[in-house]
Amino acid sequence: MDFAVVVIVEILYAVASLALISAGLAVVFGMMRVINLAHGEFLMLGGYSAIVAVKAGINIYVAMLVVAPLVVGILGLIVERLVIRFLYGRMLDTMLATWGLSLLLTGLVTMIFGNTTTGISTPISGYRVGAYQLSGYNLFIIVAGVLVMAGILLTLRYTRVGLIARGAMQSPDMASGLGHNPQRIYMITFTVGAALSGLAGGILAPLTGLTPTTGGLYVAKAFITVISGGAAVVAGTLSSASLFGTITQVVTLSSTPVWGDVAMLIAAVILLRLLPQGITGRFFRRQV
Amino acid sequence: MTLDRRTFLAGSAAASIAATIAGRAMAQGATIDVASIHDLSGIFDAYGKPMEKAMQLAIDEINAAGGLAGKQVKEISYDTQSQIPLYTQFGQQAALKDKVAVVMGGILSASREAIRPTLKRFNTLYFYNTQYEGGVCDRNIFCTGVTPSQSVEALIPYAMSRWGKKAYILAADYNYGQIIAKWVQHYVKMNGGETLQVDFFPLDVSDFGATIAKIQAAKPDFVVSALVGGAHLSFYRQWAAAGMKSRIPMASTTLGVGNEQIVLTKEEGDGILLAYNWSAEIDTPANKAFLAAWAKKFGQADVKEIHELAVATYQGMMLWAAAVKKAGTADRMKVIEALETGLSIEGPGGKITVDPKTHHCTLDVVVMEIKDQKLTVVKQIPQVPPLDTQAVCDLKANPNSNVQHEIKI
């Protein structure tokens with residue numbers, strides 16, 4: 001019984017962390033069809049921002065929840081203005097440009113912080129479920145995942161800004177005809193996506209150490225989750241994160257983390273063979 | 001005189017050849033060159049940087065005492081950036097281009113196996129100064145670090161006497177982890193215990209949440225960790241964050257080797273048991289002199305960066321120097337023969353003696369507990385021979401042996 005609770009918490013944690021690392025990419029790729037290969041580096045920079053802020057004496061929650069998204073959001077804004085905005089609709093060129101950007105960011109961070117592992121301790125202590133002891137920080141990540149996803153959902157669905165954004169993604173010409181500036185909407189959307197990546201990077205930083213190449217660990221998982229999820233930002237990310245998170249954790253618990261990752265990749269291959277448009281290409285089609 | 005392109009090229013080519021020859025003659029004439037091949041950046045730099053410093057310190061001391069065989073010793077340092085292919089490349093460079101008298105280096109067992117064949121082929125003497133899984137049997141290499149029969153044999157019975165019989169093993173997934181896990185299982189069994197489970201982790205795994213749940217489900221009396229490198233350090237963080245520290249105790253065959261106890265907080269590190277050759281607390285004149293010399297060269301604040309592998313590197317360098325002194329030359333075969341007389345030195349970790357049959361070392365072992373980010377000695381075992389390698393390797397009988405033996409369970 002206690003073990004069942006442990007397993008469920010571990011699964012929820014895996015789902016939430018997949019959703020968190022994919023959220024920024026889901027907004028940028030799902031809505032704007034921009035393949036941002038520097039997504040992993042945005043997460044990595046969020047982590048470094050949080051760690052630097054904590055080491056400078058700032059409260060850890062402020063560092064993770066405010067500083068990290070702010071820094072990476074501003075970076076996203078700069079990147080959009082200088083690079084991405086010239087490349088809308090040119091998918092291959094965007095991939096090349098953002099891949100170059102990811103190499104540049106990795107190189108810069110290596111120059112500043114050195115190619116070493118840095119980290120901070122988690123701020124929450126463990127708690128007990130029956131005979132088992134669990135990490136309190138995992139619960140924090142679950143809550144953060146739920147809040148981020150709910151935030152995106154509510155914004156896109158129930159606010160005027162969300163409506164305009166969705167409209168501009170569907171038909172830029174129509175949005176333009178109605179007096180909205182698509183360029184500006186793209187800019188804001190990309191910035192928000194980058195800020196979400198920074199937030200995720202900040203939240204995950206205390207859990208694992210960071211190196212300048214950490215981004216590489218995230219980017220593949222994020223892309224698999226978003227592409228398997230399909231077009232709908234929230235429903236797609238949540239459904240594929242739930243599927244993959246569950247598979248990974250169940251296999252990891254019954255064997256090793258290596259097999260957990262293998263199982264996730266196999267599941268993704270089979271899924272995309274059966275549903276080439278992703279999960280929301282067939283199910284939950286009218287969702288956000 | 002007109003200078004056309006042809007005469008210019010001919011002239012400059014001749015000049016550069018002359019310069020190269022002169023340079024090489026100088027290099028071979030005035031100094032004895034030694035190579036340091038360590039990871040000075042990348043995820044293993046916490047291991048490599050102090051090893052490089054230990055080399056510098058040893059060389060300074062050797063030169064201050066008048067050098068070796070009438071010559072000064074010069075270090076040529078390579079940074080392998082925590083990338084195995086660079087070991088092969090720099091190993092060749094050290095042997096063929098720089099023609100060094102000895103190579104000190106290699107950290108992970110994978111890196112040792114990347115340069116060992118190269119150095120053997122090109123007849124360049126090699127010192128591997130890292131605690132490792134044992135069993136290398138090759139006349140061209142000297143291993144000055146502790147092996148399982150020295151560290152694990154001290155650690156496991158002590159841990160079992162304190163905590164109980166059931167062990168759960170976590171290990172890094174490459175040759176070191178695979179082989180050391182077998183040794184841990186071997187000693188657990190020898191002492192009447194039981195290994196519940198062995199899990200292996202690739203070096204880039206950093207999320208151990210599911211593993212921590214699995215360990216609790218298995219209910220071991222203690223956990224033995226042979227995790228390696230920066231990413232695996234997050235295991236200790238997550239273990240403490242889950243509040244496991246007070247519930248299941250831990251011993252490690254790797255923690256502390258790269259001074260991880262000062263990277264982890266007091267709450268994360270306290271109480272973990274280790275067994276190696278050296279602790280800053282060892283109260284001998286040799287150790288005190290070593291610590292004082294380190295403080296003088298690198299600053300008092302840097303003393304806490306010294307770790308097991310740095311001390312082993314220092315001792316390896318000093319053993320080699322003693323052999324060169326004894327042989328009166330840095331010639332490879334003569335130095336090997338001098339070492340094979342059972343040469344010994346008094347190092348910071350105590351007396352260390354070359355075992356002629358295996359080219360490993362007989363040395364003191366200390367069992368330690370992490371307390372307040374320091375390694376506190378709980379038990380000292382003097383002069384432990386490398387029994388594991390002695391059981392499988394005899395270089396006196398088979399001088400051409402070139403293998404790494406593995407323990408069979």
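This is a predicted model: local features need pLDDT of at least 70, side-chain atom pairs count only at pLDDT 80 or more; totals for chains, interfaces and linings use all residues.
## The contact between chains A and B

Chain A puts 31 residues in contact with 31 residues of chain B. Five elements of chain A each supply at least two residues to the side that touches chain B: H1, strand S2 (132–134), helix H5 (136–158), H10 and H11. H1(A) gives the most to this side, with four residues.

Sorted by class, the side of chain A that touches chain B holds 11 nonpolar residues, 19 polar residues and one charged residue.

## Helices H10 and H11 of chain A

Helix H10 covers residues 233–254 and helix H11 covers residues 257–274. Their axes come within 7 Å and cross at roughly 145 degrees. The crossing of H10(A) and H11(A) is right-handed.

On the H10(A) side, the residues that meet H11(A) include A:Leu243, A:Phe244, A:Ile247 and A:Val251. On the H11(A) side, those that meet H10(A) include A:Trp259, A:Ala263, A:Met264 and A:Ala267. The residues of this contact divide into 10 nonpolar, four polar and one charged.

## The largest nonpolar core

In soluble globular proteins, nonpolar side chains tend to be buried together. In this model, the largest nonpolar core has 217 residues. Which residues touch the most other members of this core? They are A:Leu20 and B:Val184. Helix H1 (residues 2–32) of chain A gives the most to the core, with 19 residues. From chain B, the core draws at least three residues from each of domain 1 and domain 2.

Leaving out residues up to four places away in sequence, B:Val184 touches B:Val152, B:Ile156, B:Ile169 and B:Val224.

## The two domains of chain B

Chain B is divided into domain 1 (26–146 + 281–363 + 387–404) and domain 2 (152–252). The centres of the two domains of chain B, taken over C-alpha atoms, are separated by 30 Å.

How values were computed
Residues are numbered from 1 along each chain as its sequence is written. Chains are lettered from A and ligands numbered from 1 in the order in which they are written. Axes are lines fitted to C-alpha atoms, for helices over the stretch in contact, and angles run from 0 to 180 degrees between N-to-C directions. A crossing is left-handed if the near helix is turned anticlockwise from the far one by less than a right angle, and right-handed if clockwise. Two residues are in contact if their C-beta atoms, placed from the backbone, lie within 7 Å. Ala, Val, Leu, Ile, Met, Phe, Trp, Tyr, Cys and Pro count as nonpolar, Asp, Glu, Lys and Arg as charged, and the others, Gly among them, as polar. A nonpolar core is a set of buried Ala, Val, Leu, Ile, Met, Phe, Trp, Tyr and Cys residues joined through C-beta atoms within 7 Å. A residue is buried if 20 or more other C-beta atoms lie within 10 Å of its own, exposed if 12 or fewer, and partly exposed in between; C-beta atoms are placed from the backbone. Domain bounds come from an automatic or database domain assignment.
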